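Okay, thanks everyone, let me get this on the screen.

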Amino acid sequence: MRIHLPNSVWLGNIDPFLRAFDVLETDVLEISSHQKWVSVHPVVLSMVCAIGLKMRREGKEIKFYKPTAISKHYFERMGLFKILGLESEIKIREHESAGRFVTIQVIKDSKQLDRFITEMVPLLHSEPKKVEPIRYIIFELVRNVFEHANSDDGAIVCAQYYKKSNTIRIGVADCGIGVKKSISQSYSPKTDIEAILLALTPGITGTTTKIGGTESNAGAGLFFIKSLAKVDRDFFMIYSGEGMYKLLKNPKHKGVRLVADPIKDHASYNNNYPDWSGTVVGIDLCLDEHADFNALLDLIRDFYQKARKQKIKEKYKHPRFV
Amino acid sequence: MKEIRIFDKTGAFAGNKDIARDIRLNEILKYIGDENKIVLDFSGVESATQSFIHALISDVIRQRGINVLERIYFKNCSITIQKIISIVTEYMQESNY
């Protein structure tokens, strides 16, 4: 098994990085990195950490080739080596993380999640209306891991603020059962991407075939999160098994309309990626463009009302003109 | 009329569905019956997730019917929480519970 951290990975260009991931089962996880400069989206660190923890748990070896890039300190500061139990030999003077990044976190239960959310908010140094969606996204994604992933190592979370683009980038990864196995408890998707598309559809959850969900799952969580990225005209991606769905930046000249079918979004999706045993979610939120969270809720409410009208319409009997 | 202070159980952010489930099972459903009224006081709660609100009230609507909303009062809700409650109650009616 081998992961190479290239020069630059962000959600827009993450596809080649994922495709280069060698998933061949071996007793060693080899991690290498670009020699001169490495700049990666937090979701990449979450993935490396998730797979590393899994390998550790299975008693396998992690071989992290000594990074030579000038930016190697980033891995150390984000806590990658520490979490994986590796000696990096990189000495750094830790600068204050507040307002800049959230180091890699391994969250295994609700108590840890509550504590993390409480501690994270002041770190973001943002106005409440900007903090709101970030808190919401992290909470819901980590809860998804607890409820659907059956992950022995919990959820691996990482986030970083990019001053130049005024963007928060968030990554959550796990090495649990994956979306297909989870959704297959109630549906029969043939492929991983089919399962992902089902999971993104509002009203569909792996816990029941009943549209609207159960007393504890409405099947709306991922739809809400994807909608946040869509309204904000940002990237969102979900990768599980061999499937990857990526919501592309909604063009600025186009209005934003929420749709139930994720295929109808401005998105790319495929089922030919290396098999990731678990689920990975990455999202960007540009704080400049940031639409009011309440405005998003209005759009979602409007979406449900239209869906209701459509349903009522479908029930009408229509005259047959011959 | 019974009043439940959500903040005392969740703090400023209501996201933990396990807590929502406890409130629903041990307080709302136990008390509300066919006639009783209940107040869910959100003062101090800045925001909530859709999952939390769903876990809090969807099964109450399922079990008691949509008219139960006439006996549940949502007090001191922020605009965000009001909107999320509205979304959940509306999609519950769409799905015919």
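So, a disulfide here is a pair of cysteine sulfur atoms within 2.5 Å. Keep in mind this is a predicted model, where local features need pLDDT of at least 70, side-chain atom pairs count only at pLDDT 80 or more, and totals for chains, interfaces and linings use all residues. Side-chain values use heavy atoms, without hydrogens and water, residues are numbered from 1 along each chain as its sequence is written, and chains are lettered from A and ligands numbered from 1 in the order in which they are written.

How many disulfides does a search of the whole structure find? Zero, over all chains. Take C175(A): its closest cysteine sulfur is in C49(A), 10 Å away, so that's too far for a bond. C175(A) is also buried, at a relative accessible area of 12% (buried means under 20%, with a 1.4 Å probe and protein chains only). C77(B) is buried too, at 13%.

Now the sheet. Strands are DSSP runs of E, at least two residues, and helices are runs of H or I, at least four, numbered from the N terminus; two strands pair if DSSP finds at least two bridges between them. In chain A, seven strands make an open antiparallel sheet, ordered 6-7-8-12-9-10-11. Its edges are strand 6 (101–107) and strand 11 (267–270), each pairing on one side only.

Inside chain A, strand 9 (236–241) and strand 12 (276–286) pair antiparallel over six bridges, and I238(A) sits opposite V281(A) of strand 12.

How values were computed:
Buried < 20%, exposed > 50% of the residue type's maximum accessible area, 1.4 Å probe, protein only.
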